[in-house]
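Here are some notes for a colleague who is meeting this structure for the first time.

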Amino acid sequence: SFRRAENLNKNIIPNSKTLINNLLVLNSKYNVISKMENLEIFKNLKELDLGLNEISKIENIHQTRLLKKLDISGNGIKQLENLRGLKALEVLNLSKNKIKVIQDTENLHSLKELNLSFNKIRTLHNLDKLKYL
């Protein structure tokens, strides 16, 4: 009877790989995440919220090519980098970080909303190629 129940569960509850592949929104706000990693497993992710963590560097984000909304506000990020693969990104929240220079935004062609408030930015550069802003 245990085997029967195990088989029944397999038919009703999809395996974790299927769940992860179908995940569209991931909210990991208010944690102690210090590194952006293992994002390649979220093939269909559209929204990612990593706000209010302990992230100091934007990395491994290019693997989420379908991402439309990214919130990494309230971290310790010092520079914009590694955003080139995010061609579908429409909303980017980088408020309350330690960013000084705007760079690496040239390929964010779909970007419609960019929040850089409460950073250490002195001049705005390279935003002229963002046609929806």
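1. Is Lys 29 buried, partly exposed or exposed? In this predicted model, Lys 29 has a relative accessible area of 27% and is therefore partly exposed.

2. Lys 29 forms a salt bridge with Asp 49, in which the closest N and O atoms are 3.5 Å apart. Because Asp 49 belongs to strand β2 (residues 47-49) while Lys 29 sits in the loop between β1 (25-27) and β2, the pair ties together parts that are 20 residues apart in sequence. Asp 49, with a relative accessible area of 14%, is buried.

3. Lys 29 also forms a salt bridge with Asp 71, where the closest N and O atoms are 3.9 Å apart. This pair links distant parts of the chain, since Asp 71 is in strand β3 (residues 69-71) and Lys 29 in the loop between β1 and β2, 42 residues apart. Asp 71 counts as buried, at 10% relative accessibility, and Lys 29, Asp 49 and Asp 71 are linked in a network of salt bridges.

4. The count of salt bridges comes to 4, and one of them joins the side chains of Glu 106 and Arg 84 at 3.9 Å, N to O. Glu 106 is in the loop between β4 (91-93) and β5, and Arg 84 in the loop between β3 and β4, 22 residues apart. Glu 106 is partly exposed, its relative accessible area being 22%.

5. On the surface, Lys 78, Lys 98, Lys 100, Lys 120 and Arg 122 gather in a patch of positive charge. Among them, Lys 120 lies in the segment after β5 (113-115) and, at 49% relative accessibility, counts as partly exposed.

Terms used. Residues numbered from 1 in each chain as written. Predicted model: local features only at pLDDT ≥ 70, side-chain atom pairs only at ≥ 80, totals over all residues. Heavy atoms only, no water. Patch = residues over 30% accessible without salt bridge, like charges linked within 9 Å, V, L, I, M, F, W, Y side chains within 5 Å. Areas by Shrake-Rupley, 256 points an atom, 1.4 Å probe, with all protein chains shown as cover. Lys, Arg positive; Asp, Glu negative; His and termini not counted. Charge placed at Lys NZ, Arg CZ, Asp CG, Glu CD. Helix = DSSP H or I, 4+ residues; strand = E, 2+ residues; numbered from the N terminus. Buried < 20%, exposed > 50% of the residue type's maximum accessible area, 1.4 Å probe, protein only.
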